[in-house]
Amino acid sequence: SPEWSMMSEVEIEHNMVGSETSLGYKGGYLAMEQAHLNYWNGSFGFKGGVILVPAGIINEYHEPPTFMSVERPEYNKYIIPTTWFDNGFSFYGTKGDFNWNVTLTGDLDGDEIGAGIRGARLKGYYSKASSWTKTIQGSFTGVDGLKLGGSVTMNDAPKDDGTSVGVTLTEFNGTYYKNNMYARMEYGMIDYTDNPTTDTSNGYYLDLGYNVAELVGCDGDMFVWTRTSNYTRDDVESIDISLFGLTYKPLENVSFKFELGSKNDADVMRFGLGYMF
């Protein structure tokens with residue numbers, strides 16, 4: 001109906017399920033990343049089922065045409081562990097130029113928390129809610145071309161021995177696109193309590209670009225862009241990433257991408273085709 005809908009997303013991760021190649025690589029898995037009932041009346045909404053955690057820019061909308069680079073920003077893998085989903089429910093809405101979201105999902109696995117929380121995602125499989133993973137998100141769109149947002153995600157992740165690891169993920173983000181100028185920034189930090197591996201993890205990425213489609217006379221959008229990024233997962237490891245790329249979008253949901261750059265002392269070169277449907 002105009003107000004009620006069913007949202008779903010099923011993926012075959014890493015191209016195959018339950019197989020092993022001659023090189024010893026194990027196959028992927030079948031994942032239902034979204035399967036929720038959604039209600040929206042134009043100003044207030046509710047969703048319940050398997051949902052995506054509304055932390056950061058990319059986790060909820062993580063398909064290739066929604067970001068510039070061939071791969072998702074590496075920061076989004078280790079600080080905000082995209083794709084992060086679990087059983088739960090959300091209340092969300094708009095008030096003028098302000099958007100808000102309050103989401104409750106299943107606990108993280110405290111025994112799998114180390115220098116990051118990526119391995120602690122249970123993805124709705126036997127996940128429990130003794131503490132709930134609580135996310136409060138907000139964004140502002142009152143300036144033409146600009147969106148500013150942020151979120152706080154908290155959980156006392158239970159361990160098998162009856163203790164827990166406290167996790168507080170805080171992130172701030174901004175996107176600007178007007179007059180062919182493009183900029184996107186996100187910074188995130190995780191504070192831990194009772195985590196023997198590390199006290200904090202943090203990182204950021206900054207994209208700057210320009211849509212040159214009119215200058216070169218092509219249909220669609222063609223962005224020349226650059227990225228600088230850094231993330232630290234413990235007291236020793238620090239990763240610096242620098243990229244320069246070209247992204248062409250003949251349609252909103254189709255993208256062709258090429259990038260060059262470096263990750264610490266290693267060279268990077270990638271080409272990708274992206275789509276969403």
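## Starting with one arginine

Let's begin at Arg-270, which is partly exposed with a relative accessible area of 28%. Keep in mind as you look around that this is a predicted model. Arg-270 has a partner: Glu-259 forms a salt bridge with it, and the closest N and O atoms sit 2.7 Å apart. The two ends of this pair belong to distant parts of the chain, with Glu-259 in strand 13 and Arg-270 in strand 14 (residues 266–275), eleven residues apart.

Glu-259 has a relative accessible area of 1%, and because buried means under 20%, Glu-259 is buried.

## The chain as a whole

Stepping back, the protein chain holds two helices and 14 strands. Its C-alpha trace spans about 60 × 50 × 35 Å along the principal axes. How does the radius of gyration fit a compact globule? For 277 residues such a globule would come out near 19 Å, and the protein chain has 19 Å, so the two agree. As for what is tucked away, buried residues account for 43% of the 277 residues.

Asp-191 itself is in strand 9 (residues 181–193), and it counts as partly exposed at 33% relative accessibility.

Next, have a look at Glu-74 and Lys-263, a salt bridge whose closest N and O atoms are 2.7 Å apart. This pair also ties together distant parts of the chain: Glu-74 is in the loop between strand 3 (44–52) and helix 1 (75–78), while Lys-263 is in strand 13 (residues 254–263), 189 residues apart. Glu-74 counts as buried because its relative accessibility is 17%, whereas Lys-263, at 31%, counts as partly exposed.

Then there's Asp-207, which forms a salt bridge with Arg-227, the closest N and O atoms being 2.6 Å apart. Here the link runs between strand 10 (residues 200–211), where Asp-207 is, and strand 11 (residues 221–232), where Arg-227 is, 20 residues apart.

Phe-172, Met-185, Tyr-187, Tyr-204, Leu-206 and Leu-208 make a nonpolar surface patch of about 520 Å². Which strand gives the largest share of the nonpolar patch? That's strand 10, with three residues; strand 9 and strand 10 each supply at least two. Tyr-204 is in strand 10, and with a relative accessible area of 32% this tyrosine is partly exposed.

Asp-111, Glu-112, Asp-160 and Asp-161 form a negative surface patch. Among them, Asp-111 is found in the loop between strand 5 (98–105) and strand 6 (133–140). Asp-111 counts as partly exposed, at 35% relative accessibility.

Technical notes:
Residues are numbered from 1 along each chain as its sequence is written. This is a predicted model: local features need pLDDT of at least 70, side-chain atom pairs count only at pLDDT 80 or more; totals for chains, interfaces and linings use all residues. Side-chain values use heavy atoms; hydrogens and water are left out. A salt bridge is a side-chain nitrogen of Lys or Arg within 4 Å of a carboxyl oxygen of Asp or Glu. Helices (H or I, at least four residues) and strands (E, at least two) are DSSP runs, numbered from the N terminus. Buried means under 20% relative accessible area, exposed over 50%, partly exposed in between (1.4 Å probe, protein chains only). Patches are made of residues with over 30% relative accessible area and no salt bridge: like charges are joined within 9 Å, nonpolar side chains (Val, Leu, Ile, Met, Phe, Trp, Tyr) within 5 Å. Accessible areas come from the Shrake-Rupley method with a 1.4 Å probe; for residues, only the protein chains shown count as cover. Lys and Arg count as positive and Asp and Glu as negative; His and the chain ends are not counted. The place of a charge is taken as NZ of Lys, CZ of Arg, CG of Asp or CD of Glu. The radius of gyration is taken over C-alpha atoms; the globule rule is 2.2 Å times the number of residues to the power 0.38.
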